[in-house]
Each structure stands twice: as structure tokens, then as C-alpha cells.
Amino acid sequence: MTAIDRARVALTEHQIRPYIRRTPIIAVEARDFGLDLPNVLTLKLEFMQHSGSFKARGAFANLLSRSVPPVGVVAASGGNHGAAVAFAARRLGIPARIFVPSIASPAKLKQIAAQGAELVVGGDLYADALAASEEWVAQSGALPIHAYDQAETLLGQGTVGLELEEQAPELDTLLVAVGGGGLIGGIAGWYASRIRVIGVEPEAAPTLYRALEAGEPVDAPAGGIAADSLAPRRVGSLMFPLAQRHVDRVVLVPDAAIRQAQEILWRVLRIVTEPGGAAAFAALLSGRYVPQPEERVGLLVCGANTSAVDFGL
């Protein structure tokens, strides 16, 4: 099994660097968001990555390091992973077929279609799209690019941590939204407990929370307003040992706090983010995570594929 550690993440970062953006950070006083906290927050604006989320990192890591057959690649996705694989495949001249469930947002479907990938919509949840993609792999011989339970995916997402540490080496704590766990698993592998990594999940999709309680990945509810990005049936088996070792804890946030986080990010910073992208910030807004006065807190704004703002186009 490929190790998910600092050395492998660094090698992956070197490999994908020509194809990804170095996304910026911004420091904002918590009081600017209406929070009664003295802390300055460091926001990593990863939603500015190619295809609108961090997922492009893992997509390129897979396509650049694995042998791709002539038939191309296949991915199952709530939307963001599919958009990223479609983007990377187009950039590298590789055929791609993307399976998504009916809950995928129109913005994400447009992203995938715009990249020229073959789009297949069916089933109610991510698990349904995954099952359909596995059937296609068996029929076609296409290379599957898993959204989170693949070593190359974890290594690619881990480069967010590498990049952030270069930009903000002073951080004590990092809040990370959790779906299948590829992002937090890769980041945990990079930081390796040198800072406090806090997972944030919707109350309606407590996937990693339930797994840590049970001591192993288990099925969990898969609902809520972030269901198209943060609600797989269970976390990946590859990320789970990393979470056990290096994730301090997981906090659960209500949908109302996620929606409020979206609204405040827009009002204060003019950032448009999807629900999953605002979940980490929702942990502070809801009081589910309360930092110490001197704690230096970072949070990932990890995705912005939403049609929540209408520009009349």
C-alpha cells in the first residue's frame, strides 16, 4: 500500500504542480464575521482551484501517476470530483465518463459537461453513482478514479496541507470539511499531528464521526444541504487509520449554520461557496468549535460549485 506521508505528498506536489493553482490565503479577524472571538482566522481559498474545488489535485495525481488504458477513465461523484476528473482528463487528452446521482447540483453538472466528459446521471445518492461506475469499469476496462478511497487521491489532496503550511506555518489548528475523507486524510497525512486537525461534518451526514465512534468505517446517514459533497455512505478505508492517528476530533454542524456560513462569507468577503465549502466556517459560527483566545486557526473554503448566485446569465 502506498504510504500517505509527508515524503509522498511532497513528491505528488512536484508532479502535479504544473497543472494546479497555488490558491491564496486571507487573514480575517473573527469579529469581522460577527463572532465574539479575538482570533485572526486564516482562510485557505481552495475554491479558486481549477474546476471549483480542491478535487483537481487528486484528479491530476491519479492521471499523471497511473497507467490509463485507451478507453480512458471513469469516476463516480456527487459533482466536484467528477468536474475535477473531467477537467484533468480534458487537459491531458484522456476520455472520461462521469457518473453522478440526481442530487448533484446543476452547477456541477454544467462543470462536467463543459469539459467534454460523458455524463451519466442516475440514482439518488453518491453510493448509487459509485455502483453504476463499477459496473462500467467491469464492462469497459476503464480506469476508475475514486473520489476519496484511492492512495493517489489522498496524496493529491494532501498537497493542500503542504501548500498551506508554506503560506501559514504559524497555524495551531485547521478546520476541514469531511465527506468521504480524501481531503482530511491527505492533510492529516501531511501534518502528522504537528497541528490540530478538526473534522467538520453536517449533522445529517456524520460519516467520520460515526466511524471514529465505532472504531471502523460504518454506514451513516447521507442527507442535508451538503449531500452532494459531504454525504457518502461511509468514509474511505485508506483515510480512516490516518484520521484515527492524526485527526483531533470531528464536530457536527446543523444545516442552518452551513447556510448562515454561506451568507456571511458572501456578505463580508464576497465569496460564493457551496454548502460543503462553507462547512468548516460553520463550526465556528455555531460554536461547535470554540478556539482559545491565542489560538491561530485556519479553515478551508474548499468548494464553490453552486448556482446560489444568479447573475442573469
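Guide: What follows is a quick chat about ring pairs and charges over rings in a predicted model.

Visitor: How many aromatic pairs turn up?
Guide: A search of the whole structure finds four. One of them joins F33 and F281. Their centres are 4.6 Å apart, with 55 degrees between the planes. That makes the pair tilted.

Visitor: Which parts does the F33 and F281 pair tie together?
Guide: F33 is in the loop between β1 (25-29) and β2 (40-44). F281 is in helix α11 (residues 275-285). So the pair ties together parts that are 248 residues apart in sequence.

Visitor: Is F33 buried or exposed?
Guide: F33 is buried, because its relative accessible area is 4% and buried means under 20%. F281 counts as buried too, at 1%.

Visitor: OK, next pair. How are the rings of Y126 and Y148 set?
Guide: Their centres lie 5.9 Å apart and their planes are at 45 degrees, so this pair is tilted. Y126 belongs to helix α5 (residues 126-140). Y148 sits in the loop between β6 (143-144) and α6 (151-167). So this pair ties together parts 22 residues apart in sequence.

Visitor: And are Y126 and Y148 buried or exposed?
Guide: Both are buried.

Visitor: Which residues do ring pairs link into a cluster?
Guide: Y19, F60 and F87.

Visitor: New topic: charges. What sits over the ring of W136?
Guide: The charged end of R97, 3.6 Å from the ring centre.

Visitor: What about W266?
Guide: There, the charged end of R270 sits over the ring. The distance to the ring centre is 4.5 Å.

Terms used:
Residues are numbered from 1 along each chain as its sequence is written. This is a predicted model: local features need pLDDT of at least 70, side-chain atom pairs count only at pLDDT 80 or more; totals for chains, interfaces and linings use all residues. Side-chain values use heavy atoms; hydrogens and water are left out. Rings of Phe, Tyr and Trp (its six-membered ring) pair if their centres lie within 6.5 Å; planes under 30 degrees apart count as stacked, over 60 as edge-to-face and the rest as tilted. Helices (H or I, at least four residues) and strands (E, at least two) are DSSP runs, numbered from the N terminus. Buried means under 20% relative accessible area, exposed over 50%, partly exposed in between (1.4 Å probe, protein chains only). A charge sits over a ring if NZ of Lys or CZ of Arg is within 6 Å of the ring centre and within 35 degrees of the ring normal.
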